[in-house]
Amino acid sequence: MNVNFEYYKVFYHVCACGSLTAAAQELCISQPAVSQAVRQLEKEAGTKLFFRTSKGVQLTREGELLYHYVKPGVEELLEGGKMLERCLEDPRQMAEVLAERTRSQIVQVIGKKIVLYREGKNEKKKIELPRK
């Protein structure tokens, strides 16, 4: 599936809001644009993702499966955008965010190396940190 990210974003908001109209308001786009994005995503997916009802929409089983994967990805991207805005407003926060990310990466790398070493799968005794 080669799907435009905007379709996933619209899908996420329709799921979160429970209706096409509410998602359109949340996204500041027209309701027909939301409907079209959902139709395009359904076309690309080859299946219906929603049951349309008089009270809004309800996910199909296929829609639930897709939402399970789309939700964390879209939320991470939205949070990244918010974090960037905060960092641009206060440059000191960017240094804190980058320092925390670096600490987190170091802990992950060391943890993986320890596991591999204990399992005897790491011939190298040297721990290498990822480069940017």
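This passage looks at helix H3 and its packing against helix H1. The model is predicted, so local features are described only at pLDDT of at least 70 and side-chain atom pairs only at pLDDT 80 or more, while totals for chains, interfaces and linings use all residues. Residues are numbered from 1 along each chain as its sequence is written, and side-chain values use heavy atoms, with hydrogens and water left out.

Helix H3 spans residues 31-45; helices here are DSSP runs of H or I with at least four residues, strands are E runs of at least two, and both are numbered from the N terminus. From first C-alpha to last, the 15 residues of H3 reach 21 Å, close to the 21 Å expected at 1.5 Å a residue (1.5 Å times one less than the number of residues). Just after H3, Gly46 takes a positive phi of about 75 degrees.

Val34, Ser35, Ala37, Val38, Leu41 and Glu42 of H3 are buried (under 20% relative accessible area, with a 1.4 Å probe and protein chains only). These residues lie on the same side of H3 because they cover an arc of only 160 degrees around the axis, taken from the directions from the helix axis to the C-beta atoms. On the other side, Pro32 and Lys43 are exposed (over 50%). The cover over the buried residues includes H1 (5-17), H2 (20-27), strand E1 (50-53) and H4 (61-89).

H1 and H3 pack at about 110 degrees, with axes 9 Å apart; axes are lines fitted to C-alpha atoms over the stretch in contact, and angles run from 0 to 180 degrees between N-to-C directions. That makes H1 roughly perpendicular to H3 (65 to 115 degrees). Across this pairing, Tyr7, Tyr8, Val10, Phe11 and Val14 in H1 meet Val34, Ala37, Val38, Gln40 and Leu41 in H3, where contact means heavy atoms within 4.5 Å.

Note on methods:
Angles under 35 degrees count as roughly parallel, over 145 as roughly antiparallel, 65 to 115 as roughly perpendicular and the rest as oblique.
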